[in-house]
Amino acid sequence: MTGDQRPSDLSKKLNERLDVDFALQAAGLGVWEIDPVTNQISWDDRCREFFGLAKDNQLLFQQVLQYIHPQDRDRINQAVETALDSRLDGLCDQTFRTLGAGDSQLRWVRFHGRSYFNKAGELYRFAGIAQEVTQQVRAQQGESTARHEVQRQQRTHEAIMASTPDLIYVFDLKYRFTYVNQALLNMWGSSWDKSIGKGLLENGYEPWHAQMHEREIDQVVATKQPIRGEVSFPHATLGERIYDYVFAPVFNDIGEVEAVAGTTRDVTDRKQAMQRQEESQRQLLTLFEQSPVGLATLSADDELVFQWANTFYGELVARPPQAIVGKPLLEALPELKGQGFDEILKNVIATGTPFVAPEVAVGILRNGQLTTIYIDLTYQPRKGDQGDVQGILVVATDVTQQVISRQQIEASEATLRSIITTAPAGMGLFVGRDLIVELPNQTFIDIVGKGPDIVGKPLREVMPELLTENQPFLRILDDVYTSGQMFQSPGSRVSIVQQGVMSHNYYNITYTPLRDEKGEVYAILDIAIDVTEQIQAQQALKESQDRLQSVIDMAELGSYTIDPNTNRLIKSPRVAQWYGLPEVTEVDISFGAILERDRNRVRQVLADVLAPGSAGFYEVEYTVIHAQTGHQRILRTNGQVIWNEEGQPVRVDGTVMDITNQRALQLALEQQVEQRTEELAAINEELAANNEEYAAINEELEEANFLLSRSNDNLQQFAYVASHDLQEPLRKIQQFSDLLKTRYAEASGQELVYLERMQSAARRMSVLIKDLLNYSRITTQRDTSSRVSLSQVVDDVLIDLELLRAETEALVEIDPLPVVEGDAGQLGQLFQNLLSNAIKFRRPDVAPNIQIKADLISVDQLPTWVKPARVAPVYHQIEVIDNGIGFDEKYVDRIFQVFQRLHGKSEYAGTGIGLAICEKVVVNHGGAIGARSQPGQGATFSVYLPV
């Protein structure tokens, strides 16, 4: 540019060179140029308007800087100097504020320019375009305000999510995890980056487990209903655990399931509260960024041919501009077919009316995959002098990020609401110093036990028992409100009046303070998890361990544990006394106390069981020398190797028995046996002469066994025939008596009484025949070779007794029962008779309360009266305890005999065979049965079955 050229000429030439007047006007763009020699600015009227300048203003670049906002001025000056540096790319793209020289109006403008250099690297031109972006900037500022509000909500959400110890996660409809909390990541032993977006198999689930959850997710999606289940799953550090989980649907705006949210609780040991906070939720919102404007022109004919497109439009449709210019719309962008844009364009051509629509969804082919984007779309008709449409200007602004961000916020809020609603933990807010109850979920309402009308009431009014029972929780809540510190208490005992009844349960309690924008506590989030069953189980486990230790002490056994990783041996006090060494030593030090001839053998036994593929159990005898006294003992050691999931040994547990006296006795016996051997040699000669007589006796025994077998077969056949032949006349007696009752229905004498007595006798006879048949079958049919779950047997019996239980309001409490070798049918008759007797022989006006308990006892612990049919070292002891009428123990032997009754048939129905059947079943299984009772104090029937 030279100094004698007028600005109007320059503007005209500038427009002629660009040759896109119409496009620039429709897009709201201005053009400008700076003379690198004179620094004089040439621009069109639109650029002048951006600065509030008159049309005839002629300014230098330094003069224009004074109309730029002071906070932006240095940045713009530096950007221009950078663009003029020939060593760089020569581009300048800046957004800044102008002050408005003529109208004092503050505007936001975006200047996009480029420097042009000759081959010598000399600058000969610096020019570009400008656009007012005031509305976009203000929209972004509004988005920032909305973003702060979302962040405030997110802090509340994070407080809730970080306080719960449960495992929380979300699946998409392809079974992939889209959200997991930190507790679940810890359980996996994984990280967010490795887990999010991955499926069940990729996160370590076994195939059967993954397939089960995928079926359940499909079920939730199909039924739109939550489901609940329980599953065993390995924890990364704690090993195999049992989890209770809930899957719930997450709905979109039109009521369709778009995701499945889940919560899982570790029910193996609820005493250990989740103390790790969940990692922060992913950002629900993404910052809205200013999108570039896409510009293109189309012909006004039916082909809708692309005439021109800028770089931004090419980026928008994922194709370079040169690839689409000159081609019809649906040829250049075939994926638009069926989306309706060609019809809209033809309507614009026909009517001449612009089409403007915000956030239009468009399917664009990107990287070979159809992708949905959202744009603010304008179709502006370009009209000729006659008003006819000669072309269409397409203006498209990418707003995909804003739309997706909004959808993510809505989906996240829906997911969070679903998670809180379905959480198995009790959750509620205590607002203000008075602890007003707000937002309780159903689990919390059930724990409080006062019904749903607790919202808006102070906690001390809702639960007055916190004061009357001198419980510390109101004081603790007040301390949390004052200090702002979280309070956690695992396994706390809480006394609560639930439905009018005082209960004493155990809960894992977390009190989390919630703060407002000023950082002050305004409420406390209460999370309570019922761990009553776990605490009671732990107490029972401790009692069991104490009993086990008592057995070990009575048997004069010692115990030990070996850690293969540290080579450390931990001995019980008794074993340490036998060795004369400390209770904790190195393995090699303890081996040093073993007699030298036994040492290598014991060492090799331990090495063999620790080797891969070993069964892990060993038994070895050796002599140990006391480290101080030199006293020798012969010890027998049993050991069992404990392996981890990778098949590596983690420890060896075992017991030790002092068999010194036994070996001495054995030696004495061997000497006596040797002495007696010579004496027996002479006796054997005499016995040989009697072999022929014994052979004859054996033949007689074989014949007797054959006759006994045939007798059993005959007895079985007789039982069947007797049952059939005796039942038939009884049925006829009952049928004819029914006819007689009908005929003499109007009779006033004793006829009906006699008929009723006859029918009653026939019914008792029918029951007696059935019981005798069962008794005979149990006597002759024995198949005790199957593994039978007694828990399943009792469950089946309770189903059969369901009506009787309902009529009597009987309560049956059952401990876990063992699996035994036996006949399921016979064992069913055993428990059928015991439970039906416990219900039948109840006290008047007292509901039956029956307990079934199980334990393991050694043969030495059997009561003196117990004489099992088969000798075994250990027995299952199963007790059926009731609160009925009881009986005098002097009749204890009589009740297990056939037809023996302690009460008249008018008082209690029955044939007197039920307990005889029980005794036969137990004997068939190699055990014994007995009873303890006092009149009016219930009865306890004890069954002993060999292990």
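1. Basis of the note. The model is predicted, so that local features need pLDDT of at least 70 and side-chain atom pairs count only at pLDDT 80 or more, while totals for chains, interfaces and linings use all residues. Residues are numbered from 1 along each chain as its sequence is written, and side-chain values use heavy atoms, with hydrogens and water left out.

2. The chain overall. The chain holds 29 helices and 33 strands (DSSP runs numbered from the N terminus: helices are H or I with at least four residues, strands E with at least two). Of its 947 residues, 41% count as buried (under 20% relative accessible area; exposed is over 50% and partly exposed in between, with a 1.4 Å probe and protein chains only). The accessible surface is about 52,400 Å², and carbon and sulfur atoms account for 50% of it (Shrake-Rupley method with a 1.4 Å probe; for residues, only the protein chains shown count as cover).

3. Thr623. With a relative accessibility of 8%, Thr623 counts as buried. Leaving aside residues up to four places away in sequence, Thr623 touches Ala593, Ile594, Leu595, Arg597, Asp598, Gln632, Arg633 and Ile634 (contact means heavy atoms within 4.5 Å).

4. Glu216. This residue lies in helix H9, residues 207–223, and is buried at a relative accessible area of 13%. Its side chain is joined to that of His213 by a polar contact of 2.9 Å (a pair of N or O atoms within 3.5 Å; within protein, one must be able to donate a hydrogen and the other to accept it, and residues adjacent in sequence count only if both atoms are side-chain atoms). Beyond four places in sequence, Glu216 touches Ile227, Tyr245 and Phe247. Pro226 is ten residues from Glu216 in sequence, and their C-alpha atoms are 9.5 Å apart.

5. Helix H28. Residues 824–840 form this helix of 17 residues, which reaches 24 Å from first C-alpha to last, close to the 24 Å expected at 1.5 Å a residue (the expected span is 1.5 Å times one less than the number of residues). Twelve of the 17 residues are buried, including Leu827, Phe831 and Asn833. At the start of H28, a side-chain oxygen of Asp823 comes within 2.9 Å of the backbone nitrogen of Gly825.

6. Val947. This residue lies in the segment after strand E33 (939–946) and is exposed, with a relative accessible area of 62%.
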